[in-house]
Amino acid sequence: MERVLILRGVPGSGKSYHARHLREAAPPELVWIVSADDYFDVGGEYRFDSAKLPQAHQTCWRNFHRAMQSGAEKTIVVDNTN
């Protein structure tokens, strides 16, 4: 069974924290997190660039589709402001 959780909220409201908590509560391979913020993670350092937001959201969308098409039983968590 696949399940999709779409987190929404203003920046800084705890969406990423909640997504990580969900992953920690289950085997990591069963919870996949997709986030536009991942695009700005460079070697473990967050480097936000508002000019790259369209690319970040497009990459997140592609990652979401890949997760849906993988065929694995999992929960996909979309961690964005939505």
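**View 1. Strand S5 and its parallel partners.** In this predicted model, strand S1 (residues 2-7) runs parallel to S5, and six bridges pair the two. Look for Arg3, which stands opposite Thr75 in S5. Strand S2 (residues 31-34) is also parallel to S5, joined to it by four bridges. Here Ile33 has Val77 as its bridge partner in S5.

**View 2. The two faces of S5.** In a regular strand, side chains alternate between the two faces of the sheet. On one side of S5 you will find Lys74, Ile76 and Val78, with Thr75, Val77 and Asp79 on the other, and all of these are buried. Because six of the six residues of S5 are buried, the strand is largely enclosed by the rest of the structure.

**View 3. The largest nonpolar core.** Nine residues make up this core: Val34, Ala36, Phe40, Ala56, Cys60, Phe64, Ala67, Ile76 and Val78. Helix H2 (53-69) and strand S5 (74-79) are the elements that give two or more residues to it. The largest share, four residues, comes from H2. Apart from this core lies another one of five residues, including Leu7, Ala19, Val31 and Ile33.

**View 4. The surroundings of Phe40.** Leaving aside residues up to four places away in sequence, Phe40 touches Glu45, Tyr46, Arg47, Phe48, Asp49, Lys52, Leu53 and Ala56.

**View 5. Asn82, after the strand.** Asn82 sits in the segment after S5. Most residues other than glycine have a negative phi. Asn82, though not a glycine, has a positive phi of about 45 degrees. Its relative accessibility is 51%, so Asn82 counts as exposed.

Technical notes:
Residues numbered from 1 in each chain as written. Predicted model: local features only at pLDDT ≥ 70, side-chain atom pairs only at ≥ 80, totals over all residues. Heavy atoms only, no water. Core = buried A, V, L, I, M, F, W, Y, C linked by side-chain atoms within 4.5 Å. Buried < 20%, exposed > 50% of the residue type's maximum accessible area, 1.4 Å probe, protein only. Contact = heavy atoms within 4.5 Å. Pairing = 2+ DSSP bridges.
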